[in-house]
Amino acid sequence: MKTVEELERIRKQAQAMTRLREGKETTRIVVGMGTCGIAAGARETLSAIMDELAKRNIQDVVVTQTGCVGLCEQEPIVDVIKPGAAKVTYGKVTKEKARQIVASHIVNGQVVGEWVIASA
Amino acid sequence: MEFYRSHVLVCGGTPCVLEGCKGVRDALIAEVKRRGLDREVKVVETGCLGPCDLGPVIVVYPEGTLYQKVRVSDVPEIVEQHLLKGRVVTRLVGEAPQAGVVKYEEPTYLGVQERIVLRNCGVIDPESIEEYIARDGYRALAKCLTEMKPADVIEAVKKSGLVGRGGAAFPTGLKWSFTAKADADQKYILCNADEGEPGTFKDRLILEGDPHSILEGMAIAGYAVGADKGFIYVRGEYVLSIERLGKAIEQAKALGLLGSNIFGSGFSFDVEIRKGAGAYVCGEETGLIESIEGKRGEPRIKPPYPGTEGLYGKPTVVNNVETIANIPPILLNGPDWFRKFGTERCPGTKVFTLTGDINNKGLIEVPMGITLRRVIYEIGGGIPGGREFKMAQTGGTSGGCLPKELLDVPMDYFTLPEHGSALGSGALLIMDASHCIVDIAECFMRFFEHESCGKCTPCREGTARLHEIVAKIARGEGKPGDLELLDELGSVMQVSSLCGLGQAAPVPIKTMLKYFRDEFEAHINDRLCPTGTCGI
């Protein structure tokens, strides 16, 4: 290693890789993975979200799952929680919709209004 | 770069390895793959998390859920419920205080801890130099080499008030300054990882959990004193430490963080590993030096001290693993930051291995000056069965004994000696009221007789006689005057033995005589054991 900048570059890259262990406030995407969610295709929805994030090289988003919230009819349900903003809940999120949510809500900050079932 | 939504950290410290963590890790990897989650979930082996009694331990991020006593048969449930469906498997979470969530920055699940030395243990993959760099690894070295003069580095270490963590508590900055001043064509940095005190395994877990911090600390020491070569002397039994150190050295060399002209500064540094063959006396610095030179492990007559005449007769710094692990954070954050921890006289933290009659056994790091009571009852979760505390021993067999009178005395390197005890290297063995003090003394003295190298008479003869007298008392053959003889013999050994072994061997017996004299007297005068456990 010849320069401090080189070390700094590796540090930034590696930090992105381990960021999810830090528990810092960051954008969270929560996918409903109860039996109802899985039956409605939440598995594919989750995979699509992961794939889209990876493709776009987005590192500062945490993706987690949750159980049934009681709206089985609306599954797969996806929550997007940005720091300082209200939670936005999307219903019937297919894998195609999931990719678009990543593109417009996560990347561009535009809530996809027509798929929102709750916002608090 | 791979992006994962979840990291599963499997503790890969030796205590967890013994509990079967390797099998759990393999099962996790296989099950995650079988469920098609292997592109979303990453399984990482990490260093010791601390609660060694609860192994194998795993932590699932981003939630930070700590699972304990995980068996291979639990793995399918964890993968299906937690990793797939996002539900915590509550039956494996356990009870307070370990229960619940581990925070990345402050893993305080074992109570009032401060993590400087263990900052990366259980948090990073110790076999990944990138994960070490992510946690500010090698930034202190970069700062030293590009912004500081060697004299500034020594000054910073002096100002921090760091003293040697191997047990002798010699000021580290002062030690370095002796070697820095010495005029020689070659100087050396030695890392003493020959952790031989029975019950101590902190250095082992530091090496296993964060090997790069040792390499970085040694390189900084090398720059400060003008040494370009370092050796790590590790116990041969520490297989995993040796393996991970070896990998770390390779990785650091590949990135040019060891080798020649580091950061273009003109400073070069290389590290090699030397394995010890299991002699207690080789933890003594000159015995260790003899051993590295390929000779019989026996201490040298001092002076000259290693600082001016050490390995191959050259000026040599010998520092303990824990001491070296403190170096990078001190240089990165400054001495004033370090002085915020611990006490005025003894800044910083101390790593202990908590063992014996205590509920939460494991690896802890606490501020210097914490009381034994807080360690036992707040961190250790008290004594099993609510039994009465009898004594604690700090620093393995050569440390002092702390009776209940000292439960509220600040534990640091300067206060405990004022009470006739010592802090030692970092084992904290807790004993409840069911143990016989004479029995324990006999066991310790047998150890010293066995480990004395025999070079000097006070130690060779002294350890044998100490054992002989204590063994007689334990058998019910003690006679009046024995205790005075033990005391006198101990005093002679302390002033006349060649090295720390003979000087420290009487410490436990002297503190026991000071605080538990009545129990010895009962064995001699009444031929009975007050605890009724030693079979007299």
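In the predicted model, B:Thr323 is buried, with a relative accessible area of 1%. This residue belongs to helix H12 of chain B, which spans residues 321-333. Leaving aside residues up to four places away in sequence, B:Thr323 touches B:Leu162, B:Gly164, B:Arg165, B:Gly166 and B:Thr172.

One of these neighbours, B:Arg165, is located in the loop of chain B that runs between helix H6 (150-160) and helix H7 (172-181). B:Arg165 is itself buried, yet it has no salt bridge. The nearest side chain of opposite charge is that of B:Glu322, at 4.0 Å. A polar atom of the B:Arg165 side chain does, however, lie 3.0 Å from the backbone oxygen of B:Val163.

The contact between the two chains was examined next. It draws on 35 residues from chain A and 46 residues from chain B. The area buried between chain A and chain B amounts to about 3400 Å², and carbon and sulfur atoms give 60% of it. Of the area that chain A buries against chain B, 24% is supplied by A:Met1, A:Leu20 and A:Arg21, more than by any other three residues.

Three salt bridges are counted between chain A and chain B. In a salt bridge between the chains, the side chain of A:Arg11 meets that of B:Asp136, with an N to O distance of 2.8 Å. Polar contacts between chain A and chain B comprise twelve residue pairs, with both residues of each pair at pLDDT 80 or more. On the side of chain A that touches chain B, at least two residues each come from helix H1 (4-18), helix H2 (35-39), helix H3 (42-55) and strand S2 (61-66). Helix H1 of chain A gives the most to this side, with ten residues. By class, the side of chain A that touches chain B is made up of 16 nonpolar, twelve polar and seven charged residues.

In chain B, the loop between helix H4 (129-134) and helix H5 (139-147) holds B:Asp136. With a relative accessibility of 28%, B:Asp136 counts as partly exposed. In chain A, A:Asn57 likewise is not a glycine but has a positive phi, of about 55 degrees. A:Asn57 is placed in the loop between H3 and S2 of chain A, and both of these elements supply residues to the side of chain A that touches chain B. A:Asn57 is exposed, its relative accessible area being 51%.

Cis peptide bonds are found in chain B. B:Tyr61 and B:Pro62 are joined by a cis peptide bond with omega of about 15 degrees. B:Pro62 lies in the loop of chain B between strand S3 (58-61) and strand S4 (65-67). A cis peptide bond also leads from B:Pro303 to B:Pro304, where omega is near 5 degrees.

Notes. Residues are numbered from 1 along each chain as its sequence is written. Chains are lettered from A and ligands numbered from 1 in the order in which they are written. This is a predicted model: local features need pLDDT of at least 70, side-chain atom pairs count only at pLDDT 80 or more; totals for chains, interfaces and linings use all residues. Side-chain values use heavy atoms; hydrogens and water are left out. Helices (H or I, at least four residues) and strands (E, at least two) are DSSP runs, numbered from the N terminus. Buried means under 20% relative accessible area, exposed over 50%, partly exposed in between (1.4 Å probe, protein chains only). Lys and Arg count as positive and Asp and Glu as negative; His and the chain ends are not counted. A polar contact is a pair of N or O atoms within 3.5 Å; within protein, one must be able to donate a hydrogen and the other to accept it, and residues adjacent in sequence count only if both atoms are side-chain atoms. Contact means heavy atoms within 4.5 Å. Buried area is the accessible area (1.4 Å probe) that two parts lose on being put together, summed over both. Ala, Val, Leu, Ile, Met, Phe, Trp, Tyr, Cys and Pro count as nonpolar, Asp, Glu, Lys and Arg as charged, and the others, Gly among them, as polar.
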